[in-house]
Amino acid sequence: MTRTTTLYIDKEAHKFSAAHYTIFTATERERLHGHNYSVSVRLEALMGDNGFSADYNVYKRRIQALCDRLDEYMLLAANSPHQTLELGETEIKATHNGKTITFPADETIVLPIVNVTVEELAHYLLGELIATYDDPSLTGVELCVSTGPGQTGAAVWAPEP
């Protein structure tokens, strides 16, 4: 019989603070604001003969590095159909509905996502977490991004059969 287990990683340290705005339509978006985001992960893995499954420490370090990479930045969506970005050496100009906002380039991260939402951040971070997938014991991963109680987005991954 194959034994599997589920590991939950939900550490207080796995968080980042970032500014953003959500784009709703070609003419509507939120005002610029920030959140304290938290990241948690559920790992499904095969049990090893030694009583272990996936290594908590490997994933805790990976999650922390992802959070550290986004902490205290302005986050912009590169793939929004309703926004154009002009990437300069010292500044980034984001234009939506005729209004341009300029951000310092060294304080802004342009992400390969459609919108800066918890759902999109969950998919982006999950992709980054498993980009160096080298753990044959993993049978599934769910990564959650939350802006507080009651508002969480999740993305799920399973290996291809």
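Which residue takes a positive phi just after H1? Glutamate 72 does, at about 65°.

Some ground rules. This is a predicted model, where local features need pLDDT of at least 70, side-chain atom pairs count only at pLDDT 80 or more, and totals for chains, interfaces and linings use all residues. Residues are numbered from 1 along each chain as its sequence is written, and side-chain values use heavy atoms, with hydrogens and water left out. Helices (H or I, at least four residues) and strands (E, at least two) are DSSP runs, numbered from the N terminus.

H1 covers residues 56–70, 15 residues in total. From first C-alpha to last, H1 reaches 22 Å, close to the 21 Å expected at 1.5 Å a residue; that expectation is 1.5 Å times one less than the number of residues. Tyr59, Arg62, Ile63, Leu66, Cys67 and Leu70 of H1 are buried, meaning under 20% relative accessible area with a 1.4 Å probe, protein chains only. They sit on the same side of H1, because they cover an arc of only 135° around the axis, taken from the directions from the axis to the C-beta atoms. At the start of H1, a side-chain oxygen of aspartate 55 comes to within 2.9 Å of the backbone nitrogen of asparagine 57.

Now the strands. Two of them pair if DSSP finds at least two bridges between them. E3 (residues 33–46) and E9 (residues 138–148) run antiparallel, joined by 8 bridges. Glutamate 44 has glycine 140 in E9 as its bridge partner. E9 also pairs with E10 (residues 151–157), again antiparallel, over 7 bridges. There, serine 146 stands opposite threonine 152. E9 and E10 make a hairpin with 2 residues between them. Glycine 150, in that turn, has a positive phi of about 90°.

Terms used. Buried < 20%, exposed > 50% of the residue type's maximum accessible area, 1.4 Å probe, protein only. Polar contact = N/O pair within 3.5 Å; in protein donor to acceptor, adjacent residues only side chain to side chain.
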